[in-house]
Amino acid sequence: MQYLSILEALGGLGVFILGMKTMSEGLQKIAGDRFRRHLERIAGNRLAAALLGSTLSSLLQSSSAACIITVGFINAGLISLYQALGILLGTGIGTTLAVQFIAFKISSFALPAVFVGVCLRCFLRRRRWVNAGELILGAGLLFLGLRIMESNLQPLQEYAIVFTHQDMFVSKRIAAVLFGATLTLLVQSGSTAIAVIMALAGSSLVSFETGAAMVIGELLGTSVITAFASIGGTLEAKRTVFFYFMVNLLAVVVVMLVFPSYLSFVTYISPEDIASSAGISRVLANTHTLFSIMSAVIFLPLIGFFARTAPRIIPGSERASSVEARTVFIDPRVLNTPPIALLQARSELRRMAGISLTMYSEVVEQFFRYDARKAAGIRQKENAVDILQRDLTDFLVSLSRRELAPEASMEIPVMLQLIGELEHVADQSEAVLDYLRRKKEEKLLFSNAAMTEIRHLARTVEKLVDLAVETMDNPPPDAVEQGRSLRDDVGRQREAMLDGHIKRLSAGKCSVRAGIIYADMITAFVKIADSSVTIIETRKEFT
């Protein structure tokens with residue numbers, strides 16, 4: 001019978017996780033778009049970053065998922081180490097909201113909530129009601145799974161093996177902390193891990209003290225999951241994860257040193273009786289809440305110090321392929337000083353041009369040896385160029401509304417055109433990369449003549465892109481003539497390549513699918529060449 005109880009308890013855990021996932025999806029659909037808009041203009045304020053982290057953790061119903069997403073943000077260069085640490089410290093507070101919700105144990109409403117959620121989700125058509133139904137259905141499944149877990153874990157306390165296990169292992173504080181961390185690591189969710197611990201404590205399989213130590217260990221498990229997410233990431237991500245782990249480790253060590261006093265304070269501020277199943281769950285939730293708030297209050301004021309000392313503790317420089325997907329030079333606060341604002345915009349435009357050139361050069365290298373990791377870095381650069389185009393365009397449009405000198409008023413439309421052409425170069429470079437990926441995945445073969453021709457075309461276009469970027473800073477006297485000459489060369493190569501392509505198709509030396517991708521690549525390179533010449537001509541005319 002004990003094995004059947006264990007299997008049913010695992011089934012309850014599965015229902016709980018399904019409910020968590022369903023409720024999370026409903027929350028994201030209801031508030032996701034609004035949250036993403038706030039994320040795009042994330043503030044550098046540490047309190048705003050912590051609030052953002054708690055919101056993200058609450059929406060996803062998982063601090064681990066929120067931490068992984070935050071690492072993804074910093075890998076993409078969307079946020080700084082300072083902001084990332086603020087967000088990560090806030091995720092613990094978001095988890096406490098989910099834990100407090102679970103601790104209410106309104107399991108008597110589980111099945112009615114499932115019924116209401118199914119009715120809203122399946123029989124109504126309005127998206128808002130369908131999303132609300134998904135949220136209610138998830139909540140019902142969550143409490144139903146918790147009830148199944150508790151009812152099936154309770155009989156296990158009759159078996160001596162459980163008490164032996166408790167005496168040998170989880171009765172010790174450090175072992176309990178490690179057990180909580182391991183459980184979090186296994187289920188990949190802090191909220192789910194704490195729910196399992198509540199079920200164990202509610203079934204009297206573990207004592208309150210042991211359960212509290214397990215709950216505190218959840219934060220260490222989340223830190224390890226975050227560390228795994230940073231493997232292969234940027235140096236900035238590794239620095240962020242290191243400080244996040246050290247902060248959590250220090251907080252756990254401090255609490256363990258004063259553990260009896262800490263538990264006395266938690267029980268003092270919690271009116272619930274830990275002798276009951278509902279009461280012990282509420283006090284365990286309060287244990288996690290107090291711990292998370294204490295960590296945030298103590299360490300949030302120190303994140304500026306962590307950000308400044310990170311390069312000294314973990315020295316090194318980012319890979320050349322890594323870029324920050326945000327503006328570096330422009331500052332909206334100087335818009336009221338147009339000359340300085342214009343200088344900042346020029347610097348950001350030159351940076352955008354450099355990213356586009358590097359991106360194109362790396363795409364050309366992919367013709368000689370395709371590297372999936374480098375391909376991911378190229379896509380990161382394209383994302384950076386898109387963000388720079390958006391932010392730099394907004395900055396210049398705002399600047400155009402100020403009182404400007406006539407020359408500055410004429411330069412802004414030119415810069416806007418250059419921004420558009422540089423973004424077009426990046427888009428077409430990514431398109432070429434996508435064609436290469438499809439060629440590899442579909443195992444399409446180009447003939448030796450076709451590969452030689454397209455590599456030669458790519459190198460010719462690279463000279464044009466290089467000249468265009470050079471023109472952005474210090475245009476050569478004969479830049480326009482050089483650009484037009486190279487474009488004419490590109491046109492001649494295109495005609496010869498298409499003629500040879502048709503002959504190979506007619507002779508059966510090339511498949512139709514490979515031929516389509518080959519022709520699309522040629523078109524993309526020609527578009528890059530056209531944009532490069534437009535950049536050269538536009539920049540030269542303004543000088």
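Me: What is the secondary structure of the protein, and how many residues does the protein have?
Reply: The secondary structure comes to 20 helices and zero strands. The protein has 543 residues, of which 51% are buried. Among contacts between residues at least 6 apart in sequence, 81% join residues at least 24 apart.

Me: Why are H15 and H17 called roughly parallel?
Reply: The axes of helix H15 (residues 338-365) and helix H17 (residues 406-441) cross at roughly 20°. Angles under 35 degrees count as roughly parallel, and H15 and H17 are therefore roughly parallel to each other. Their axes come within 10 Å, and H15 passes H17 in a left-handed crossing. The residues of this contact divide into 18 nonpolar, two polar and four charged.

Me: What makes H18 roughly antiparallel to H19?
Reply: The axes of helix H18 (residues 448-473) and helix H19 (residues 479-506) come within 10 Å and cross at roughly 160°. Angles over 145 degrees count as roughly antiparallel, so H18 is roughly antiparallel to H19. The crossing of H18 and H19 is left-handed.

Me: Which residues of H18 and H19 meet?
Reply: On the H18 side the residues include Ala449, Glu453, Leu457, Val461, Leu464 and Thr471. On the H19 side they include Ala479, Leu486, Arg487, Val490, Met497 and Arg504. In the contact of H18 with H19, eleven residues are nonpolar, six are polar and five are charged.

Me: Why is the pair H15 and H18 described as roughly antiparallel?
Reply: H15 and H18 pack at an angle of about 170°, and their axes are 10 Å apart. With the cut-off for roughly antiparallel set at over 145 degrees, that angle makes H15 roughly antiparallel to H18. Residues of H15 in this contact include Leu349, Arg350, Leu357, Tyr360 and Glu365. The residues of the contact of H15 with H18 divide into ten nonpolar, one polar and six charged.

Me: Why is Ser295 called buried?
Reply: Ser295 has a relative accessible area of 4%. Buried means under 20%, so Ser295 is buried. Ser295 is found in helix H13 (residues 277-299). Residues up to four places away in sequence being left out, Ser295 touches Leu219, Ala251 and Leu300.

Me: What makes Val480 count as buried?
Reply: The relative accessibility of Val480 is 13%. The cut-off for buried is under 20%, and Val480 therefore counts as buried. Val480 lies in helix H19. Leaving aside neighbours within four places in sequence, Val480 is in contact with Ile536, Glu537 and Lys540. Val480 and Thr534 are 54 residues apart in sequence, while their C-alpha atoms are 9.4 Å apart in space.

Me: Why does Leu124 count as partly exposed?
Reply: Leu124 has a relative accessibility of 37%. Buried is under 20% and exposed is over 50%, with partly exposed in between; Leu124 therefore counts as partly exposed. Leu124 is found in the loop between helix H5 (110-123) and helix H6 (127-153). Beyond residues up to four places away in sequence, Leu124 touches Cys119, Trp129 and Val130.

Me: How do you know that Lys443 is exposed?
Reply: Lys443 has 71% relative accessibility. Exposed means over 50%, so Lys443 counts as exposed. Lys443 is in the loop between H17 and H18. Although Lys443 is not a glycine, its phi is positive, at about 55°.

Me: Where in the protein is confidence lowest, and where is it highest?
Reply: Confidence is lowest in helix H7 (residues 160-170), where the mean pLDDT is 40, and highest in H17, at 89. Over residues 156-171 the pLDDT is below 50; this stretch has 24 contacts in the model beyond near neighbours in sequence. The protein averages a pLDDT of 78, and 79% of the residues score at least 70.

Me: How should predicted coordinates be read where pLDDT is low?
Reply: Where pLDDT is low, the predicted coordinates should not be read in detail.

Definitions and conventions
Residues numbered from 1 in each chain as written. Predicted model: local features only at pLDDT ≥ 70, side-chain atom pairs only at ≥ 80, totals over all residues. Heavy atoms only, no water. Axes fitted to C-alpha atoms, helices over the stretch in contact; angles between N-to-C directions. Helix = DSSP H or I, 4+ residues; strand = E, 2+ residues; numbered from the N terminus. Parallel < 35°, antiparallel > 145°, perpendicular 65-115°, else oblique. Left-handed = near helix turned anticlockwise from the far one by under 90°. Nonpolar A, V, L, I, M, F, W, Y, C, P; charged D, E, K, R; others polar. Buried < 20%, exposed > 50% of the residue type's maximum accessible area, 1.4 Å probe, protein only. Contact = heavy atoms within 4.5 Å. pLDDT = per-residue confidence, 0-100.
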